Amino acid sequence: MAIPRNYQGLTVLANGFRPFFLLGAVQAALAILVWLPVYYGELKLSSAFAPRDWHVHEMLYGYLPAIVTGFLFTAIPNWTGRLPIRGLPLLTLVIVWLAGRTAVTTAAFGPWWVTLLIDAGFLLLVVLAAAREIVAGRNWRNLPVVAIVGVLCAGNIAFHLEAHLRGSADVAIRVGVAVIVLLLALIGGRITPSFTRNWLVKHNPGRLPAPFGRFDMAVVLISALSLLAWIVVPDGIVTAATLAVAGLLHAVRLARWAGDRTLRERLLAILHVGYAFVPLGFLITAAASLGWVLPSAGLHAWMVGAAGIMTLAVMTRATLGHTGQALTASVATQAIYLGIIVAALTRVCAVLVPDHAAVLLHVAAFSWIIAFAGFVLAFGPLLLGLRLRALAIRSSAGSAQPVL
């Protein structure tokens, strides 16, 4: 479904993944490029948010919703059998997302509630559009995914309200992080073993990953409960215990997926590497709940590690598969993966090893920028349809291997 046969508009608006993966990657790189001088007081933003809140918001409620939208609007046609959202409706969503980024960064020049309406409008439209498609296609099993995105939308609204009324958005940050972790647990927990099984059957017969089942649902449920406890009461032994249990269960879950047998194909192995930061984030956050480490260590394990790595993994795989390319990691793709892994490890270590924080922060920031700028350079032409368009059209029936 790279370019639907009856579509005559701009290639970049033919599928949801094209504009949102591209613009999301650009925004991710630029936001961190700006953040370093802001963090060190060398640059002042015109946002109404405190500098830390602007940084968190643009990653949590700016970058990630763009990638989630690109994923959803590409996966939903496969789930429902309906045509993708494309053309003018897709362009409208892109404009609303861009307006949100502009409004948040220049919020000091206007009323805070106008910024809220502009920024929150994007996720609200995404939820309504996705729910309409899933209901029309009677694809009830995936409706919970849209419901979780709806909670992310509510978290964004709460972020603006909390930042305005209290001066900083702490609870809304935890809500947003919890939603992203749950999405990774739910979606990543389905596609990672599924893609692994399909590849192993064809290329490396032997031990296969356990399929998604009751154990997985129990892990997701326990994770949701532990994250809810963390949102309400972030500190204390009870919260720490629930987070630790969830972390250990995610580690067991990951071990059941035969990730060690995928090292020959980096496009697949990176999903396992990214998911490994989910249990790591739970365990570090459990330690933070007991006061053993600073909370930002766990937050960055989840956000830079799990979310950063897994979104790039999905972005590269989906772009290759839906533009008619071979599902294998090129040298450029592997360099992107290396950059984001280094960014995740060094960002967490910058909190755990404060004596070297300055150096580690710079390494983390530049590795992140290299990873996302590398994605734009390597995959931007494919997303824009600037080359191999004919091949993409011929493969519109879909890749021989599952993509999403």
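The dialogue below covers confidence, then the cavities, then the pockets.

User: Where is confidence lowest in the protein chain, and where is it highest?

Analyst: Where pLDDT is low, the predicted coordinates should not be read in detail. This is a predicted model, and the mean pLDDT of its protein chain is 91, with 95% of the residues at 70 or more. Helix H13 (residues 389–394) has the lowest confidence, a mean of 39, whereas helix H8 (residues 237–255) has the highest, at 98.

User: Over which residues does pLDDT stay under 50?

Analyst: That stretch is residues 388–400, for which the model has 22 contacts beyond four places in sequence.

User: What classes of residue make up the lining of the largest cavity?

Analyst: The lining of the largest cavity has 14 nonpolar and 2 polar residues, and no charged ones.

User: Which residues lie nearest the centre of the largest pocket, and which element supplies the largest share of its lining?

Analyst: A pocket, in contrast to a cavity, is an open set of points. The largest pocket holds about 1,000 Å³. Of its 39 lining residues, Val56, Ser296, Leu299, His300 and Arg347 are nearest the centre. H10 supplies the largest share, 8 residues. Among the other helices that each supply at least two are H1 (17–39), H9 (266–289), H11 (331–352) and H12 (357–384). By class, the lining of the largest pocket has 28 nonpolar, 6 polar and 5 charged residues.

User: How much space lies in the second largest pocket, and which residues are closest to its centre?

Analyst: The second largest pocket holds about 350 Å³. It is lined by 21 residues, and those closest to its centre are Trp79, Arg141, Arg190, Ile191 and Ser194. H2 and H6 are the elements that give two or more residues to this lining, with the largest share, 9 residues, coming from H6. The classes here are 14 nonpolar, 4 polar and 3 charged.

How values were computed
Residues are numbered from 1 along each chain as its sequence is written. This is a predicted model: local features need pLDDT of at least 70, side-chain atom pairs count only at pLDDT 80 or more; totals for chains, interfaces and linings use all residues. Side-chain values use heavy atoms; hydrogens and water are left out. pLDDT is the predictor's confidence in each residue, from 0 to 100. Helices (H or I, at least four residues) and strands (E, at least two) are DSSP runs, numbered from the N terminus. Contact means heavy atoms within 4.5 Å. Ala, Val, Leu, Ile, Met, Phe, Trp, Tyr, Cys and Pro count as nonpolar, Asp, Glu, Lys and Arg as charged, and the others, Gly among them, as polar. On a 1 Å grid over the protein atoms alone, a cavity is a set of points where a 1.4 Å probe fits but cannot get out, and a pocket is an open set with protein on both sides within 12 Å along at least five of seven lines; lining residues have an atom within 4 Å of a point. Grid points are joined across faces, edges and corners, and a volume is the space filled by probe spheres set on the points.
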